[in-house]
Amino acid sequence: MPFSSLRSRNNAFAFLSLDRRGDLREDAAWLGERAHAASARYVLLRRDGSALVDATGTALRGLSHSESVALLGSVVAPNYLGSAAADWFLLQADDALAESVAAELGARFLDLRSAGTALPAFDAGLFAYARALAHWQQRMRHCNACAAPLRLEAAGHRAKCTNPQCGIEHFPRTDPAIIVIVTHGDACLLGRGQRWPERRYSTLAGFVEPGETLEDAVRREVFEEAGVRVAECDYHSSQPWPFPASIMLGFTATAEDRRIAVGPELEDARWFSAQDIAAQLQSRELVLSSPLSVSYRLIEHWLREQAGLELSTLNHDEPFMLKRA
Ligand SMILES: [Zn+2]
């Protein structure tokens with residue numbers, strides 16, 4: 001696949017064909033009409049960020065407008081997400097109300113990591129988008145310049161300080177993080193963090209710092225974590241990663257040489273050939289990240305290019321879900 005746009009679409013949460021209609025977020029009449037239309041659908045999130053799905057856990061259970069009024073009343077203002085086959089809105093409910101809705105509809109709540117592999121790509125992407133927006137709204141209650149309460153505007157996509165002396169506008173935050181597969185000759189560099197489950201190795205990753213290009217972040221992180229000097233690097237693909245507010249920016253890179261000096265963040269870093277990976281997955285000496293991750297996609301891409309191996313066909317332990325605060 002030659003284009004990064006195609007590679008990104010292969011990543012979990014990244015295949016969301018939705019028109020966000022940012023131009024109409026201020027148009028109250030248009031939003032009101034769409035919100036009441038028979039085709040409107042409401043994604044319901046519980047306070048912990050889980051979404052309402054059908055009883056089988058294989059699709060979002062979007063509420064119609066009449067269902068949302070009957071089951072939730074008018075306690076929450078909807079946020080507009082965008083338009084696809086339906087117009088999608090976001091609703092949030094506290095635990096007790098959320099559970100009563102699920103019981104009433106014979107539905108249940110599903111967490112986003114599970115949704116990444118259990119739901120269709122559109123539903124998973126919409127859930128990730130809704131969760132990112134909801135998390136920002138939950139955390140951004142007060143102005144971080146003057147501490148006055150904030151008021152949501154633009155159909156939930158902007159928060160305005162209510163202090164007339166301040167009046168700052170706040171916008172949803174996304175923190176960029178790079179993740180990179182570094183190669184040298186016939187090997188790739190994988191590391192394992194402190195306190196990771198045993199046998200697990202992954203591509204290296206870290207947050208982009210202020211005043212830094214993405215390429216400089218790749219070079220710095222690889223050197224800080226593994227002591228390896230990057231020669232060249234190139235963008236691979238990206239993935240929304242709202243755990244709680246990141247976007248993962250996948251890169252490929254080449255190393256100047258194979259010298260490793262493991263830094264304090266890692267417990268170990270090693271060079272693996274494609275055959276090493278295949279053999280150690282087979283013998284269960286090695287566990288990789290789940291297919292939910294860009295790390296998996298980067299390794300999958302490299303194994304295919306380097307050795308004609310398909311990662312999905314190699315022996316692979318049940319993917320475990322790494323919990324992050
Ligand atoms: Zn303020």
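1. Which residues does Phe127 touch, not counting residues up to four places away in sequence? With that exclusion, Phe127 touches Val43, Ala51, Leu60, Leu112, Ala115 and Leu119. Contact here means that the C-beta atoms of two residues, placed from the backbone, lie within 7 Å.

2. A word on the ground rules. This is a predicted model, in which local features need pLDDT of at least 70 and side-chain atom pairs count only at pLDDT 80 or more, while totals for chains, interfaces and linings use all residues. Residues are numbered from 1 along each chain as its sequence is written.

3. Now the overall picture. The chain has nine helices and 14 strands; these are DSSP runs numbered from the N terminus, with helices being H or I of at least four residues and strands E of at least two. The C-alpha trace spans about 60 × 50 × 35 Å along its principal axes. For 325 residues, a compact globule would have a radius of gyration near 20 Å, and the 22 Å of the chain agrees with that. The radius is taken over C-alpha atoms, and the globule rule is 2.2 Å times the number of residues to the power 0.38.

4. On burial, 38% of the 325 residues are buried. A residue is buried if 20 or more other C-beta atoms, placed from the backbone, lie within 10 Å of its own, exposed if 12 or fewer do, and partly exposed in between. Of the contacts with a separation of 6 or more, 66% come from residues 24 or more positions apart.

5. Back to Phe127 and its surroundings. The largest nonpolar core has 43 residues, and Phe127 is among those with the most contacts inside it, as are Val43, Leu44, Ala51, Leu90, Leu126 and Ala130. Such a core is a set of buried Ala, Val, Leu, Ile, Met, Phe, Trp, Tyr and Cys residues joined through C-beta atoms within 7 Å. Helix 6 gives the most to this core, with 10 residues. Apart from it lies another core, of 38 residues, including Val180, Ala187, Ala205 and Ala274.

6. Val43 sits in strand 1 (residues 41-46) and is buried, because 26 other C-beta atoms lie within 10 Å. Leaving out residues up to four places away in sequence, its contacts include Trp88, Leu126 and Phe127.

7. The domain assignment, which is automatic or taken from a database, gives domain 1 (4-139), domain 2 (140-173) and domain 3 (175-313). The C-alpha centres of domain 1 and domain 3 lie 32 Å apart. Their contact takes 17 residues from domain 1 and 13 residues from domain 3. On the side of domain 1 that touches domain 3, helix 6 (121-139) supplies the largest share, six residues.

8. Finally, some backbone details to inspect. Most residues other than glycine have a negative phi, and most peptide bonds are trans. Phe13, however, has a positive phi of about 70°, and Arg21 has one of about 50°. Phe13 counts as buried, with 25 C-beta neighbours inside 10 Å, whereas Arg21 has 17 and counts as partly exposed. A cis peptide bond joins Phe243 and Pro244, with omega about 5°; Pro244 is in the loop between strand 12 (230-241) and strand 13 (246-255).
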